[in-house]
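Have the viewer open as you read.

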Amino acid sequence: MGDHHHGPAKGLSRWLYTTNHKDIGTMYLWFSFAMFLLGGAFAMVIRAELFQPGMQLVEPGFFNQMTTLHGLVMVFGAIMPSFVGLANWLIPMMIGAPDMALPRMNNWSFWILPPAFLMLASTLLMEGGAPAFGWTFYAPLSTTYAPPSVTFFIFAIHILGVSSIMGSINIIATVMNMRAPGMTYMKMPLFVWTWLITAFLLVAVMPVLAGAVTMMLMDIHFGTSFFSAAGGGDPVLFQHIFWFFGHPEVYIIILPAFGVISQIIPAFSRKPLFGYASMVYATAGIAFLSFIVWAHHMYTVGMPVAGELFFMYATMLIAVPTGVKVFNWVTTMWRGAMTFETPMLFSIGFLVLFTIGGFTGLMLSIAPADFQYHDTYFVVAHFHYVMVAGAVFSMTAAVYFWLPKWTGRMYNETMGKVHFWVSFIGFNVTFFPQHFVGLAGMPRRIPDYALQFADFNMMSSIGAFIYGMSQLLFLYNVIAAIVSGEKVSDEKVWDGAEGLEWTLPSPAPYHTFETPPKLEEQPAY
Amino acid sequence: MSSAETSTEYEKYYVPESSSLAVRATIGLVLSVFGGGLVLNEMTFGGTHDTGGAAKWVLFAGLAIFIATLTYWFRTTIKENKAGMNSSQLSNSYVLGMFWFIFSEVMFFAAFFGALLYVRWLAGPWLAGEGEGGRMNFLLWEGFEYTWPPVITPQEVVGGALSQPIANNGAFVSQHTSMSFADAQAWYAWLPLWNTIILLTSSVTCEFAHRGLSQGNIKKFEAWLAVTVGLAIIFLFLQAAEYYEAYELFGLTLNSGIYGSTFFMLTGFHGFHVAMGMTMLLIQLIRSVRNKHMTSTDHFGFSASSWYWHFVDVVWVFLFIFVYII
């Protein structure tokens with residue numbers, strides 16, 4: 001052992017000044033959970049207002065602020081940082097590295113996040129209110145008609161982008177440069193693979209988002225006309241730039257989730273992952289396609305027919321690599337010695353519900369049909385099936401799966417199972433009816449609705465409250481495990497789990513793999 | 001612990017002790033953007049918050065903290081390197097970091113080039129009534145004809161900001177002379193051509209400096225690097241002159257519709273990057289002359305700066321083609 005780095009520093013400075021990937025991962029995870037609760041609180045306001053038709057609780061303007069901030073906080077504050085936290089904790093342990101490649105920058109990319117969200121949340125208190133133009137902030141709603149707080153929103157987005165780019169560069173450098181000898185690319189755990197590709201997507205598209213908000217800033221304050229037809233620009237240009245970022249962004253959210261599921265399902269099926277190589281190629285294929293499908297978000301904007309057709313067919317192609325993945329997960333379980341602990345339950349929940357979300361995505365990809373579905377609750381249902389039952393379920397599975405490794409203590413299995421079933425039921429009660437109201441024509445982002453949608457909306461709201469409540473159970477279970485959970489003695493907490501992180505003691509020591517591990521006996525995933 | 005038992009034949013990767021650099025840089029960055037936001041809102045909306053002129057001091061304080069911290073951060077890494085803490089593996093991490101940072105910069109410029117090409121190929125013709133998007137002309141901007149560079153904005157065609165049927169961000173008054181190549185007789189007076197020559201030459205001189213350094217010829221390295229920095233400064237002066245010309249003589253401003261928007265944003269961000277690259281190269285020159293930091297085998301600071309410089313040059317080539325020529 002070296003003559004320094006024996007353990008963490010004490011007190012607050014440990015967290016403020018840390019360069020340790022585990023500390024930083026922990027901070028990311030707690031921060032993202034706090035944002036998950038904040039964004040969830042916004043969602044509760046939305047569902048409370050929509051509990052019954054008519055204007056009930058909040059002003060329409062405030063309702064718009066809630067939908068906007070809910071989306072922004074969940075996408076940029078909850079889901080993305082949670083997977084970065086997971087990457088921080090796991091990638092060095094999975095590839096046998098002592099830490100992330102650039103530890104101080106790692107700390108920086110975390111610490112600029114909380115102030116950015118503080119600034120974003122503070123817009124709620126500003127004159128003119130918080131941004132109310134939806135999380136996609138289409139011009140001219142976000143330029144000509146925006147409240148003054150939009151300036152702070154823009155800078156918050158800039159900072160989030162800087163954070164994501166630095167975090168991703170770090171992950172790329174770590175994976176490309178820090179693998180233990182013998183850890184070839186095709187031996188890396190799939191979680192590492194999916195994050196490598198995700199990091200590439202982030203470095204490629206976050207700057208484009210920065211460009212979009214910079215153009216907004218210039219249009220608002222310096223009289224440029226990027227998004228104003230009066231000067232020769234085009235509001236639709238905003239949508240193109242935004243979705244050039246936005247579509248890869250949805251894979252940025254879901255690819256690490258794919259990685260998590262690809263670790264957990266083999267562990268509880270006690271079989272190696274089926275089709276490892278095809279999983280890698282499918283991930284790369286999805287990443288490539290994500291760059292050429294962006295305009296399927298804007299079929300109704302008045303694109304030329306040739307454009308509609310191109311984006312329609314390109315979008316449908318995504319079903320192929322995604323299908324490969326679903327097939328591989330199912331085949332991994334086939335004839336496995338399966339057990340159904342909480343991480344596995346969430347993973348199977350992911351598999352079923354994400355596939356439903358994928359199918360509704362396929363429906364939405366059909367341009368003529370999308371003219372009917374566009375901006376209805378059908379879209380809302382679709383993307384919550386992939387974002388909540390996809391990304392959030394897999395994240396939850398990941399926490400249950402690796403918590404014993406992180407803390408050395410076991411969560412309460414019964415409570416975990418209750419959490420799963422309440423989440424699963426609450427989620428479906430919330431979002432399944434939204435398919436129906438959407439197909440029947442209920443528009444999204446409107447605080448009131450026609451009477452025929454009343455029953456389904458009430459169901460949705462009840463489901464949302466149940467789902468929201470169940471997350472408090474999750475929080476309690478995690479804290480209880482950390483404080484007083486049963487200690488795990490074994491390195492290998494789950495008997496089917498494979499990979500370098502399971503060769504480490506539980507809890508994993510503050511510094512691991514200061515010299516690279518020997519890798520000969522490691523299996524190929 | 002498994003790591004203690006494995007062999008120690010590998011170089012240890014340098015994981016720095018805990019450090020306050022990140023938190024300090026964060027304070028600087030957040031103060032900068034918060035102050036900047038206050039300043040901008042006071043300028044445009046008459047202020048979301050009444051700061052009584054304090055906003056700009058928040059901005060300046062933030063920038064000062066930010067720049068000071070980054071300077072100190074770079075000094076720290078240089079000292080660590082000189083103290084022999086960096087393994088070859090860490091150096092490789094820096095190389096990867098710089099490469100992917102430049103890639104992210106490429107994508108940032110791609111957004112603005114994308115905007116330019118979209119407007120020129122699609123939105124502009126549609127506004128003038130062509131193709132499937134052409135109804136806009138008949139419904140909103142009747143009489144607008146598309147040319148590039150545009151000689152008139154759609155708003156001017158329909159009678160200015162006041163008589164315009166939909167709201168906008170202000171008055172867009174087109175320039176009377178564009179920056180593109182117009183007079184073949186006076187080609188030598190066309191600044192962008194000179195800027196192209198200067199920048200391409202500077203890439204070559206930068207490469208000469210690199211070769212000098214690789215050969216261990218520090219004199220050669222410093223001389224060519226000084227020439228490179230000099231060329232960069234001349235470029236920036238010429239661009240300042242060009243901007244002056246645009247604003248004062250041609251009526252080309254940020255408000256000149258989409259031509260002014262794309263022209264100033266593309267050349268402006270490029271100019272900013274030239275200034276950044278120039279500063280980076282200048283710092284390497286100072287480090288070499290004053291501190292004798294550069295050796296033929298250990299000069300990542302210069303290598304990274306030179307890659308950045310070549311990147312800036314390549315961007316200019318595209319700018320020259322798409323903004324000035326075509």
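## Helix pairing in chain A

Angles under 35 degrees count as roughly parallel, over 145 as roughly antiparallel, 65 to 115 as roughly perpendicular and the rest as oblique. This is a predicted model, where local features need pLDDT of at least 70, side-chain atom pairs need 80 or more, and totals for chains, interfaces and linings use all residues. Residues are numbered from 1 along each chain as written, with chains lettered from A and ligands numbered from 1 in written order.

Helices here are DSSP runs (H or I, at least four residues), numbered from the N terminus. The axes, lines fitted to C-alpha atoms over the stretch in contact with angles from 0 to 180 degrees between N-to-C directions, of H2(A) (residues 21-49) and H4(A) (residues 103-111) come within 10 Å and cross at roughly 10 degrees. H2(A) and H4(A) are therefore roughly parallel to each other. His21(A), Ile24(A), Met27(A) and Tyr28(A) meet Asn106(A), Asn107(A) and Phe110(A), in contact meaning C-beta atoms, placed from the backbone, within 7 Å.

## A buried helix

Nine of the nine residues of H4(A) are buried, so this helix is largely enclosed by the rest of the structure. Buried means 20 or more other C-beta atoms within 10 Å of a residue's own, with C-beta atoms placed from the backbone. The cover includes H2, H3, H5 and H6 of chain A, plus H2 of chain B.

## Where the chains meet

The contact takes 77 residues from chain A and 75 residues from chain B. On chain A's side, H7(A) gives the largest share, 13 residues.

Note on methods
Helix = DSSP H or I, 4+ residues; strand = E, 2+ residues; numbered from the N terminus. Contact = placed C-beta atoms within 7 Å. Buried ≥ 20, exposed ≤ 12 C-beta atoms within 10 Å, placed from the backbone.
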